[in-house]
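Student: I've got a model open and I'd like to talk it through with you. Can we go feature by feature?

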Amino acid sequence: MELFYILLFGALSLVVATLELSKSSKDRITTSSAFNSFKNNYLVVYSVMMAGDWLQGPYVYFLYSHYGFDKGDIGRLFIAGFGSSMLFGTIVGSLADKQGRKRACVTYCITYILSCITKHSPQYKVLMVGRILGGIATSLLFSAFESWLVAEHNKGFEAQWLSLTFSKAIFLGNGLIAILSGLFANALADNLACFLAIGMAIILSSWTENYGDPSESKDLLTQFKGAATAIASDEKIALLGAIQSLFEGSMYTFVFLWTPALSPNEESIPHGFIFATFMLSSMLGSSIASRLMTRASIRVESYMQIVFVISAFTLLLPIITSVRVNLHPPPPWIGLDWVFSGGSISLSGSIQLFGFCVFEACVGLFWPSIMKMRSQYIPEEARSTIMNFFRIPLNIFVCIVLYNVNAFPITVMFGMCSIFLFMASILQRRLMVVSEMHKKPEDWSAMKEDPEEEPLNYDQ
């Protein structure tokens, strides 16, 4: 493996460790022991569930290839998963508001276990059923668990503490667990159902049920109409949904594009190590988010504008480096030969990889921040339904990208993603303006308080 990969991973590890170990009283919030128990219980469950999702990544594509299916067949399987998430997942996920969020989380476990069982069959139709079940499970994973957490948290804990759970969940579930899953996918994939069963046991034994609107008079169609009305009548919710779709659409497209971007001539690159580096970058972003969200004087709506602009620029790097190389072939970098020569990565590839790590740090910032904004703006009675509505344009977009991933030059795809992210920044600016217009008087007085007067103390 080339020295550049190791240096980048080592530098990121050092920065993440320094950030986590150097938190001062200003970066911490005093919490109760009851909240810490509640938070830790959720983090265990969320980490186990995310492990199940992450283990599917490096394992499933290889499994389909092992069964003898070509890229076209595998692409259709993945499209079926996203299409299922859009259609069936939206319906099942929306039932959580009426039938109960705990029940929906248990349904996720059962559905994903069944999906895992189908992967032991080499039959294409059976695998297709598994992808459909997996799509339903994905919708539940990204709506029911968060909806349960927000409702349960608001029953007895301070609103500011919620950001602690969000940031730590992303740090663990989308960072550390992702790295471990990538490293041990081969060893753990066969035991995936056991992990999900353990998580389900914890849910059944320790979680209480909560609902959005459990009234008998509301059927599923009425719920959909109510959610659509809420989105159409409240600009903040509509802006939030558009921002989420633009960013997540770009993020999922990036997942398909980073490999050909870093190996344009099909050079051999350490995919697993690069993936681990990306996840470490995501941990860096979530660590930064945890610091920002503990400061009462810093608004999520404000700093996320900057995050979107930075992420847009990072996805322009493949275009910039491509144009630069075509117009001006790089001279020999004598002083950097020991890093860049004799291997698969070029100077332009190194610049792109660094930029992609910055993008993944933006992803780590995005997740807890969007979770916090959703907890503030989405009404409780239709939280899960609205969150699944947000995923409809995302799933349509990803299906289109998957179907046409080879139809356009890679620079065009990155340019499209960059434009989407700039649009997200503009919409984020509008969301901040609209939210300030509707701010209550007591909120303004709270914002004027100096957080320096009463240092925060993060007990975890």
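Student: Which residues form one aromatic cluster?

Tutor: Before that, a word on the ground rules: this is a predicted model, so local features need pLDDT of at least 70, side-chain atom pairs count only at pLDDT 80 or more, and totals for chains, interfaces and linings use all residues. Residues are numbered from 1 along each chain as its sequence is written, and side-chain values use heavy atoms, with hydrogens and water left out. Rings of Phe, Tyr and Trp (its six-membered ring) pair if their centres lie within 6.5 Å. The cluster is made of Phe-35, Phe-38, Tyr-42, Tyr-46, Tyr-108, Tyr-112, Phe-145, Trp-148, Phe-157, Trp-161 and Trp-207.

Student: Is Tyr-112 buried or exposed?

Tutor: Tyr-112 is found in helix H4 (residues 101-118), where helices (H or I, at least four residues) and strands (E, at least two) are DSSP runs, numbered from the N terminus. Buried means under 20% relative accessible area, exposed over 50%, and partly exposed in between (1.4 Å probe, protein chains only). Tyr-112 has a relative accessible area of 4%, so it is buried.

Student: How many helices and strands does the chain have, and what share of its residues count as buried?

Tutor: The secondary structure comes to 19 helices and zero strands. Of the 460 residues of the chain, the share that counts as buried is 53%.

Student: How are the rings of Phe-142 and Trp-367 arranged?

Tutor: A search of the whole structure turns up 29 aromatic pairs. For their geometry, planes under 30 degrees apart count as stacked, over 60 as edge-to-face and the rest as tilted. The rings of Phe-142 and Trp-367 have centres 6.1 Å apart and planes at 20°, so the pair is stacked.

Student: Where do Phe-142 and Trp-367 lie, and how many residues apart in sequence are the parts they tie together?

Tutor: Both Phe-142 and Trp-367 are buried. Phe-142 lies in the loop between helix H5 (124-141) and helix H6 (144-153), while Trp-367 is in helix H16 (residues 347-377), so the parts tied together are apart in sequence by 225 residues.

Student: What about Phe-254 and Phe-356: stacked or edge-to-face?

Tutor: Phe-254 lies in helix H11 (residues 235-262) and Phe-356 in helix H16, so this pair ties together parts that are 102 residues apart in sequence. Phe-254 is buried, at a relative accessible area of 1%, and Phe-356 counts as buried at 0%. The ring centres are 5.0 Å apart and the planes are at 80°, so the pair is edge-to-face.

Student: Why do H13 and H18 count as roughly antiparallel?

Tutor: Axes are lines fitted to C-alpha atoms, for helices over the stretch in contact, and angles run from 0 to 180 degrees between N-to-C directions. Angles under 35 degrees count as roughly parallel, over 145 as roughly antiparallel, 65 to 115 as roughly perpendicular and the rest as oblique. Helix H13 (residues 300-314) and helix H18 (residues 410-437) pack with their axes 8 Å apart, at an angle of about 170°. That makes H13 and H18 roughly antiparallel.

Student: And H3 with H10, which residues make the contact?

Tutor: Helix H3 (residues 71-99) and H10 pack at about 90°, with axes 10 Å apart, and are therefore roughly perpendicular. Contact means heavy atoms within 4.5 Å. On the H3 side the contact has Thr-90, Ile-91, Ser-94, Leu-95, Asp-97 and Lys-98, and on the H10 side Leu-220, Gln-223 and Phe-224.

Student: What does Gln-223 contact, leaving aside its neighbours within four places in sequence?

Tutor: Gln-223 lies in helix H10 (residues 220-233). Gln-223 is buried, with a relative accessible area of 8%. The residues in contact with Gln-223 are Ser-94, Asp-97, Lys-98 and Thr-385.

Student: How far is Cys-109 from the nearest cysteine sulfur?

Tutor: A disulfide is a pair of cysteine sulfur atoms within 2.5 Å, and by this rule the count comes to zero. Cys-109 is in no disulfide; the nearest cysteine sulfur is that of Cys-105, and the distance is 7.5 Å.

Student: Which residues does Leu-317 touch, not counting those up to four places away in sequence?

Tutor: Leu-317 lies in helix H14 (residues 317-327) and is buried, with a relative accessible area of 12%. The C-alpha atoms of Leu-317 and Ile-351 are separated by 7.7 Å, although these residues are 34 apart along the chain. Leu-317 touches Ile-351, Gln-352 and Gly-355.
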